[in-house]
Amino acid sequence: MAEAKSNKKVLVAYFSASGVTAGVADKLSKAIGADLFEIKPAQPYTNADLDWTNKKSRSSVEMDDRSSRPAIANKVTDMSKYDVIFVGFPIWWYREPSIIDTFMESYDFSGKQVIPFATSGGSGMGDSGSIMQKLAPKAKVDNGKRFSSGVSEKDLKTWASKWL
């Protein structure tokens, strides 16, 4: 179990469709000494599923339906042991992917600090923080920040330090 300097127990949980978010999540977990957890879809996304130009692709259909909750294949063993949870994802349709909504509704985040982080070619965080706050009303959810794939561990550590 990794611990940050402040003795807060920290988790970096992430969903990554193409590997970009996975890379940033890995750098962040190493930079702050946090445990790392990949949010894996029960049904993995294919390239066809991720074709945002096709209105009938799986990702387009999920994102068009705000109630969509794609199943997750794995679980965090003991969420109760964490004080701070960084949640990473790619920006889809100007917000977090629906699988992140599934993740947020799958655990009791009462009293926990949740910090979203995202990767994107250019889109910002949109309403991700406020949506995630509504899904975990007893948590304190920050607005979060978008990063490029080339962000350094040092920059991630500096950014994350205010919650540790």
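Mentor: Let us begin with S128, which touches F89, I91, R95 and E96 when residues up to four places away in sequence are not counted; contact here means heavy atoms within 4.5 Å. The model is a predicted one, in which local features need pLDDT of at least 70 and side-chain atom pairs count only at pLDDT 80 or more, while totals for chains, interfaces and linings use all residues. Residues are numbered from 1 along each chain as its sequence is written, and side-chain values use heavy atoms, with hydrogens and water left out.

S128 belongs to helix α4, which covers residues 128-135. Helices (H or I, at least four residues) and strands (E, at least two) are DSSP runs numbered from the N terminus. The relative accessibility of S128 is 0%, so S128 counts as buried. That word stands for under 20% relative accessible area, exposed for over 50%, and partly exposed for the range in between (1.4 Å probe, protein chains only).

From α4 we may turn to a helix that packs against it. The buried residues of α3 pack against α4, and also against β1 (10-14), β2 (35-38), α2 (58-64), β3 (84-90) and β4. Helix α3 spans residues 98-105, and seven of its eight residues are buried, so the rest of the structure largely encloses it. The buried residues in α3 are S98, I99, I100, D101, T102, F103 and M104.

Y14 has its place in strand β1, and its relative accessibility of 9% makes it count as buried. The C-alpha atoms of Y14 and I100 are 8.5 Å apart, although 86 residues separate the two along the chain. Without residues up to four places away in sequence, Y14 touches T21, A22, A25, L36, F37, E38, I39 and G88. Strand β4 (residues 113-119) contains Q113, a residue that counts as buried at 15% relative accessibility. Once neighbours within four places in sequence are left aside, Q113 is in contact with D83, V84, I85, K140, D142 and W163.

The loop between β3 and α3 holds W93 and also Y94. Most residues other than glycine have a negative phi. W93 is not a glycine, yet its phi is positive, at about 50°; Y94, likewise a residue other than glycine, has a positive phi near 65°. As to cover, W93 counts as partly exposed at 36% relative accessibility, whereas Y94, at 63%, counts as exposed.

The chain has five helices and six strands, and from the N terminus on its elements follow the order β-α-β-α-β-α-β-α-β-β-α. Of its 164 residues, 49% count as buried. Among contacts in the chain with a separation of 6 or more, 76% come from residues 24 or more positions apart. Along its principal axes the C-alpha trace spans about 45 × 30 × 25 Å.
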